[in-house]
Every structure is written in structure tokens, then in C-alpha cells.
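User: Hi! Could you walk me through this model?
Analyst: Happy to, here it comes.
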Amino acid sequence: MDLLSFARGPALKVALTIFCLGVVWRIVGFALLRIRLDRSPARASVPKFLAGGLLTIGTRSWPHPEFIARTGAGEAIGYSYHMGLFVIVLLFGPHIAFLGSLFGFTWPGLPSSLITVISVLTVTLFLAVLFRRVTNPVIRMLSNFDDYFSWFITMAVMATGIAATAHLGGPYQTLLAHHILSVDVLLVWFPFGKLMHAFYIFPSRAINGAILARKGATS
Amino acid sequence: MAILAELVGLLERLASGDLPATIDLRSLPMSPQDRIALQSALGDGEVQATLDAQGLSSIRETRVPGLWWVEHRDPRGEIIAESIEVTRIPQILMSALDEIGAGAAALRAQIANTHVA
Amino acid sequence: MLHTDAHITVGEMLRRHGISRRGFIKFCTATASAMALPPEMGVAMADQLRGAVRPSVIYLSFQECTGCLESLTRSFAPTIESLIFNVISLDYDDTLMAAAGGAAESARDKAMHDNFGKYVLVVDGSVPTGAGGGYCMAGGRSAEDILREAAKGAAAIVCVGTCAAFGGIPFADPNPTQAWPVTAIVGDKPIINVSGCPPIPEVITGTLLQFVTTGKVPDLDEHLRPKVFFGNTIHDRCYRRPFYDQGKFAKTFDDEGARNGWCLYELGCKGPTTYNACATIKWNGGTSFPIESGHGCLGCSEPGFWDQGSFYAAQSAAAWGKAGEAVPRKVMEVAAAAVVTGGALGVGSAGVSRMRQRRSEQDAIDRKSDGG
């Protein structure tokens, strides 16, 4: 079996299986954890603190005015590359066809040349982010394998994708195989590292917000 | 145009006794405009030959002696080969020796028949 | 074509068919041009061939649909393509020859014997080995047997069509006849694969002509296909490439995009991974090729192209399992199994975590009551 057939055949099948299994495992494992019982009287009604939870997702998505000066640049870069990633994954023709084959429906996309521009910008932001991680002493001290590998595998997916679309650096089959293989590795890694923030971020903010709202605090 | 420079080089070599050469026009990326530009640069010379064998072909010397524009077409009229030959005379115009021999034999037979009649 | 005057020269044969030296030079020049050979080779090729005795060619057809031979013989400009039949001495072809039965078989045996070590063996169709070779038998002998014997005296073997080159449709899942390509049966002779379903006729004749003129196998790729014809993908030379680059894809056949000639990627075109000369040489004497006529490339010159998923699903659409099986159902099966397993693991992990949580809470309470 040649590399391309392997990458998008058995390898993709296994990767998607591990991805589904791992994500469900971690979400269920986290959802069934005990929340420490708060024996103080609730300072807000149930609907109010549930609403507070949902509100927190929104409020924590934007920095407080006092911090913007210090964290603004980082936030902007972070938002930008996340949006770039979403646009590339969800609005590129061949990706839409692939996801359509999994879910049974498709949606309109963007011109491929625009996606290429966005990909190059996103890759540049990624490089900037790594630069910061490596040069800032505090962040460097806090960084572990998870941080570097998650960065690396996402970068590999983007770089191989650009190479394949631009037909740069070898026969198309090989470039495409490398791209799909890197996606396979990403899918297998996803549930076991910090990339799970994709699923955790909203529940985590909501739960914290609900807990605080019950205590009568806003955030 | 790069091809003109190449043709000049080949012509000079031919003039100094070197072997003929051919440039296959279909192997070069030429737009229709390039082709027209090349044709007007080389122009038409004194000789134009039409070959009728498995379709029509045109073999004509350009304004530049030694540069022959050869265009082969199939019986449907589609161009199947096009080249510029740098030569004193394109080989394809020469009569084949074996055909000359066969033709001579046929002509001799024809003369013999008319005599008998 | 299949005369017993095996010793006349090519030139004499051409003359009998009213083809002059000049006409033959035209044919060789056009072939040399199509094969990116030096243009001077046209005259050299013509003169060399004309003076030579016609090389013997044995054409064996096994498990095939005869499309490859049709491609070769039903050409649009017969005087050009069928010239190959004047250049070669086609000493055996069970579809074209007038003889039949024992007479045909002994003609083949005689030709193989007389030209041992020098004849070109052309094969189309795959070779089935199932049922003791019973799925393809001629004259009481199995295809595998006939091939092995014919290969012994061949100067080279030209596998015409994807069936002979890679197994083709008989080889596709589930391969009920246990069909194999020629390369799986014969290992010790030079093999040239001219794949395609069918191959373009000019590709067949060009390859044959080059071999009989030079006696040398042309530059081949890793699938043993002549690089001069199979060195580029359809995508590399497709005239609809600007639409691919701009992301303008036709969504259904005959929609607005299709009528404007947009890229057929989403309609299943396998151009990017298919190596062939369709986009340049085209079909029917340069008339058109599938994409130009509005249908995506099937990838017919590639190994295993029948098992690469639907011809109408975009290349990036998951190509799992058997062609035609609905992917969403498979996705649901996989997802369901994964979710159930993951859920079970999650419950297990949560159970362990909760026990730890309870223990640490109990420890905190104990410490408080100890510490006072």
C-alpha cells in the first residue's frame, strides 16, 4: 500500500477513532468530577447563577481594561491565529469536501488563493508565538513537552498543507500524504494534551462563573 | 527572442561547415503571439514546397537562407509536427534512392509497353 | 498485415501500402516530437526502420476487454496510427489475425521460434491464477502458462493497458479470479508499462516505435511507465488549473460552474494524483480529454484506481472501505464504538478521581480537626 492510501485509509481511521474515544474519555472524566459542596447560602437564584455562568464565557473572552496594555498584543495574536486556523480548516474547498464526506453536508468556502494568504499569515503568527515562548524567561520556565509538541504538530499540519496546495517540494502524492499523516498524528495527540482546551474552555469558564455567581460575585 | 539567438548560432555553425540542426517548435512554450512574431521576424524566402504525403506539409525557406520552416499536417489537416531546420536543404525534400530505383524500373516497363503498342 | 513475408523490409511493406519515404518521415517526425526526442531523429528513425526487416511482435491478450486494442486500431487518422502495423510484423494477435485455432497457434509458435530473443511481446489483460488458471484459457493452456513461455524469447515486454500493467479491473477488490499484472508473473525481462484504461493510442505507438528503432527501453518511472508520457500529472497540465487555484469548483454536473468550465475537483477529479498525457496529447487525434468534456479524471493510469473510493467523491473525501459504501454510516459505526469505549473509560477515570477527591477532602477535614 502506498503512503497516501495508508495515510488517508487505515491511519486516518485509527486516528479518528482514537480522537473520538479520547475526547469522550476526557470530557466524561472531567464532567463526572465532584464539585466541592458549597455549604454557604446561595446569594443568587438558580437561573441567575446559571446565567452568570454563561455570561462568564463572554466576559472572560476579552481582557479587562486594566490589563489590555500588558496583554493586548498577546491576545490579539492569539485570536488572530485561532481565527486563521478556523478559516483554513472550515472554509477551504478540499477540506469542506472531506468534512462533508464525514458529516453528510457541505457549505460554501472561500477562494483558495485567499486561504493561501491566510495560511501564510497564520504560520507567521505561529512563529512569533514560539519566539515569545522561547525568549521570555518566565514562559520558557513554565513550558513543557505538551506546549512544544502541540505547537509543532499544528505547525506541521499547516506547513505540509501549504506545500501540498502549492505543489512545492516533491510529487503531489507525497506532499499530500505528509499532510494527511500529520493530521493523523494531531488527531491522536489531541485528546491527551493542551489542545483539549478546545472542548474545556467554555465549560470551564461557565462553571467558574456559575460558582462565583452563586456566591454573589460577578466576573 | 531567445529562439532567434539560438538560430543565429546554428546558422553560423552551418556556414562554417558544421552539421545541420533542427529546432522542434512544438517543444517550446510558444503563445500564438510568439509564433506570429517569429514568423514575421523570419519572413518568406524564394522557395515554397508543398508535400502531399499522408496529408499536406509545407516546407518553405524563410527570408534567411538556410532557415527552413517545416509544417506537417495529417490527412485531417491537424498539425502533427512543426520545426525550423537549419540546413542547406531539408532531407525530406530529397528523393529516396530505393524509390528512384523502383521508379526507374516502372518507367522502363512503361516505355517497353508503348514501344510494343 | 499478418502476411507470411516476414523477411521483407519495412520500406518494402510501406511501399506496398502506398506510403513513400517522405510520408514515413512525417510519421516518425511527429512521433519523435510527441516523445520529446531530438527532432533530427525523425529522419534517422525513418531511414533506419525502412532499411530493416520488420521486427516481429507477438500480441497476447488475456483477461481484458479489448479496449486497448480498440484504442490502437480505431484511431481517427488511420493512415498515421496504423502505420505502426506496417513497421512491425504483427505475427500473432488473436483478435486481428485471419487464422484461427491450430493454424493461429502454430503461426505464433513459429514466429516465436524464428525470432527467439528478438521479438517484442505485447500483452494486454491481467493474468488470472485462480482455479488453476481456468479463468482464462486458450488452446487448452492457461494464460499464465502462455505468458511464461512467450516471455522466454522476448526482447522486451510491453504491457498495454492498466490490466496488464497493474492488474486493472479484474485485480480490483475482491479479485475473484486472483488476477495479477504481468510484473507479478515475469521478472527477468525488460518490462515497459503503458498504463491507461485504455492508453492513448499515440502513447502505445510511440513507445513501440521507440523500442523497435533504438532497441532500448526508454526512461521509466517507478511504475515502469515511460517518463516522457507519464512524467506529469493531469493536474500539472490541466487547462482548468486557474479555476482550481482560485477555488472555483463546479458543485454538480451541468451547474453554472460546470458550464463555465470550472475545476472538477469536487466532482471527483483525480487529476492531481494521476500521471498520463491526456491533458497534452488528448484523445481522438487531439480532440478533447475527459476534463475538457466536463467529466473528472478517473485516474485510470494509476495502480488500484478502481479501489480508491467513488469516482465522484472529491479526492479529499475520506476514501474508506469499499467503493460505494456510504461513508457517513461507517463514520457513525466508528464514532459510536469510540464514544462508548471513551465514555466507559471516562466513567472509570472519573471514579478513580472522585475517590481521590473524597480522600483528599477527608484528609483536609482530619487535619482541621487534628490541628484544632
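User: How many bridges join β2(B) to strand β3 of chain B?
Analyst: β2(B) and β3 (residues 56–61) of chain B run antiparallel and are joined by 5 bridges. Strands here are DSSP runs of E with at least two residues, helices are runs of H or I with at least four, and both are numbered from the N terminus. Two strands count as paired if DSSP finds at least two bridges between them.
User: Before we go on, what kind of model is this?
Analyst: This is a predicted model, where local features need pLDDT of at least 70 and side-chain atom pairs count only at pLDDT 80 or more, while totals for chains, interfaces and linings use all residues. Residues are numbered from 1 along each chain as its sequence is written, with chains lettered from A and ligands numbered from 1 in the order in which they are written.
User: Thanks! Which residue stands opposite T50(B)?
Analyst: That is S58(B), in β3(B). In the hairpin of β2(B) and β3(B), 3 residues lie between the strands, and Q54(B) takes a positive phi near 50°.
User: And what is the strand order in the sheet?
Analyst: The open sheet of chain B has 5 strands in the order β1-β5-β4-β3-β2, with antiparallel pairing. Its edge strands, each pairing on one side only, are β1 (21–24) and β2 (48–52) of chain B. The twist averages 20° from one strand to the next; axes are lines fitted to C-alpha atoms (for helices over the stretch in contact), and angles run from 0 to 180 degrees between N-to-C directions.
User: How many bridges join β4 to β5 in chain B?
Analyst: There are 7, between β4 (residues 67–73) and β5 (residues 79–86) of chain B, which run antiparallel. V70(B) has S83(B) in β5(B) as its bridge partner.
User: Which strands does helix α1 of chain B lie across?
Analyst: Helix α1 (residues 2–15) of chain B lies across β1, β4 and β5 of chain B, at about 50° to β5(B).
User: Switching topic: how many residues of chain C are in contact with chain B?
Analyst: 22 residues of chain C are in contact with 21 residues of chain B, where contact means C-beta atoms, placed from the backbone, within 7 Å. On that side of chain C, α2(C) gives the largest share, 9 residues.
User: What about the overall dimensions of chain C?
Analyst: Its C-alpha trace spans about 120 × 50 × 35 Å along the principal axes. Chain C has 17 helices and 9 strands.

How values were computed:
Two residues are in contact if their C-beta atoms, placed from the backbone, lie within 7 Å.
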